[in-house]
Structure formats: C-alpha cells, structure tokens
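Thanks for coming, everyone. Please have a look at the sequence and the structure on the screen, and then I will walk you through them.

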Amino acid sequence: WHAEAVLLMLYQDGDVAFAAGSYTRGLIPGMLAFAWNLCAQAYLQSQAITGPQAAAGIAATILHGPINYLLVYHFNMQALGVALATSVSTGIVLAVNSAYIFILRYSPALREECKILAHKRDACAPAWSRDELFCVNGAREFLELGLPGVFMMLEWWASELSILLAGLLPSPAVAVAAMSIYQTTGSLSYDMAHGFAQAALTRVSHELGAGAADKAKHAAFVATTLILTASLLVSFMIYSFRAEWPTLFTCWDSVNALASKLLAVLAVYVVFDSLGCTCTGVLRACAMQKVGAQVVIFSYYV
C-alpha cells in the first residue's frame, strides 16, 4: 500500500513511483486469491489433474482483455485499473479451480471408479480441525520444505531488483520501461518453463512415491530434453523479432531501441532460465529445496 513512499525513499523517479504505487495497490485484492490458488493447484497436481487449471487459465485470458478495457478506459483508472484487472483474473482462476475441487469431491459423476482411490483423495481434504490447523509437528514439516522453496524464488527477486536499479539510471523512465518489456517477455517464456516444471514435479514425485526410481529419472530426462528444445525455439524467436517486439508495448523510439538490445541478452538467458526452472521442479519432487536454494543464492547474489 505504501510502495510509492518506499520507492521515493529509494531515490526512484517521482512519476514512476506514483504509477508503481497505484499499480501495487490494485494488486492487493489478488494476493489472497493467488496464494489460495497455489494451494488448489498443488492439490490438483498431486492427483495429476491439470485440465481444470488449463480451463481456468483460458477463461481468465479471454476475459482479461475486456476487463482491462473496462477498468482502464471506461472507468479511467489507468495503472490501477490494469492491476485490478489482474486481481480479477486471478480470482477467476481460483473460482474455477475451487469449484472443480468441490464438484469432484461431492459429484458421483466425477468420482473415481476405484473406491479406494476416491477414499484416499477425500482424506486429503478433511473438515476444519483446530488441532490440525495448529499442529506444531505438521507446521515444522511444512516450513522445512516451504522456507527453502521461498529462497528458491530469490532468482525472481533478483530480476525485480534489476528494475529498481534501472530506475537509478540517468533516464529512469526510458530504462524502467525497457526493463519492463524485458521482464514481461522473460515472464512469458518462464511461464512455459513453469508448465514443464510442474509436469516434471508431478511425474517425478509420483514415480518416487511408487518406488520407481528409474521411471522418475526418465521423467526428469524427458522434461529437461523437451524444455531445452522448446527454449531454443523461443530464444530464436526473441532474437529474430527483438526490433519489432517492443513496438507492441510502446511507440517511444528510445525505449524500443534500448529494449531491442536487452532482448538480445534475453535470447541467451531464456535457455538457461528455462532449464533451471524445470530442474527446480525435479528438485522439489525430490524434496531437495535446500539444495536449490543454495544454488540460487550463490548464483544470483554471491
């Protein structure tokens, strides 16, 4: 809520800080939906169910444009409207996933034919229990896996810090705008890698749970091979269209020229980033988040 004041304390440009502050306030409603949706996705992925998540993403994508137009232009909310549209889209994804979980559990038509599997799945969603909610041992086990997972996100934070540093350059508006195009393009390619990482996490963890180490290793090999092939194709496209792509975001020639140079760097980075992201999924499947956290901290900060 106080992002504008914090950015000004960090010597950022006043106009940029104002726009960023408005944007971050609009993201606040979507924070809870985003967090809850991560839990819903993990619950579905543990059962190898990905269809509802794809449907939710498609629905949110189709509605995202009209919602943006309505808030930004009709209600003249500018940056705040863009952020609120993102929060609404996040809520749509959560609503679709939650509805499917609820229907899956109580609808006879969607239940597994195997009653043993259905019973095991139902056991994963017990009624609220105060004792379980405040179970010390359960919380400790969760945090031992969760906190290193947070530190693995330091890679993403390093990328965000680069935007803050761009705001300290002689032409902050141009630098931040170009870095934003760089980051947005990187995020698009990262989303592809994130999908491969989630697939690897699900497949490898299932095989390890079944005691099939060779199949788990094969699944990890398939995931890394596929993402390498896909990322090389994306890298080629980014490099080939590095001059034209920025013009989709802005008509400022100075921003387009700088963004074009940055995308040439991104074309190389995206290959390693995609591989790293998918390998992270494999590490999570093996409950080796601590290893991933150490690698990220050393690589990006040391």
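**A walk through the chain**

Asparagine 76 lies in the loop between α3 (51–74) and α4 (78–106). Helices here are DSSP runs of H or I with at least four residues, strands are runs of E with at least two, and both are numbered from the N terminus. Asparagine 76 is exposed, because its relative accessible area is 55%. On that scale, buried means under 20% relative accessible area, exposed means over 50%, and partly exposed is in between, with a 1.4 Å probe and protein chains only. The phi of asparagine 76 is near 55°, which is positive, and the residue is not a glycine.

Some ground rules. This is a predicted model, where local features need pLDDT of at least 70, side-chain atom pairs count only at pLDDT 80 or more, and totals for chains, interfaces and linings use all residues. Residues are numbered from 1 along each chain as its sequence is written, and side-chain values use heavy atoms, with hydrogens and water left out.

Back to phi. Most residues other than glycine have a negative phi. Tyrosine 11 has a positive one, near 65°. Where is tyrosine 11 found? In the loop between α1 (3–9) and α2 (14–45). Tyrosine 11 counts as exposed because its relative accessibility is 71%.

Now the whole chain. How many helices and how many strands does the chain have? Twelve helices and zero strands. Along its principal axes, the C-alpha trace spans about 65 × 45 × 35 Å.

Next, burial and surface. Of the 302 residues, 34% are buried. The accessible surface comes to about 18,600 Å², and 71% of that belongs to carbon and sulfur atoms. Those areas come from the Shrake-Rupley method with a 1.4 Å probe, and for residues only the protein chains shown count as cover.

Contacts next. Contact means heavy atoms within 4.5 Å. Take the contacts between residues at least 6 apart in sequence: 72% of them join residues at least 24 apart.

Let's go back to α3 and look inside. Asparagine 68 lies in this helix. Buried or exposed? Buried, because its relative accessible area is 16%. Leaving aside neighbours within four places in sequence, asparagine 68 is in contact with Tyr73, Gly81, Val82 and Ala85.

Not counting residues up to four places away in sequence, valine 72 touches Met77, Gln78, Gly81 and Val82. Valine 72 and alanine 85 are 13 residues apart along the chain, with 8.8 Å between their C-alpha atoms.

On to α8. This helix has 13 residues, and its first and last C-alpha atoms are 18 Å apart, close to the 18 Å expected at 1.5 Å a residue. The expected span of a helix is 1.5 Å times one less than its number of residues. Which residues of α8 are buried? Leu154, Glu155, Ala158, Ser159, Ile163 and Ala166. They pack against α7 (136–152), α9, α11 and α12 (289–300).

Beyond neighbours within four places in sequence, tryptophan 156 is in contact with Ser187 and Tyr190. Its C-alpha atom is 9.7 Å from that of serine 187, which is 31 residues away along the chain. Glutamate 160 also has its place in α8 (residues 154–166). It counts as partly exposed because its relative accessibility is 35%. Glutamate 160 and alanine 293 are 133 residues apart in sequence and 18 Å apart in space, C-alpha to C-alpha.

Last stop, α10. Its 28 residues (213–240) should span 40 Å at 1.5 Å a residue, and its end C-alpha atoms are 41 Å apart, which agrees. Among the buried residues of α10 are Ala216, Thr224, Ile227, Val234 and Ile238. The buried residues of α10 pack against α9 (172–209) and α11 (253–285).
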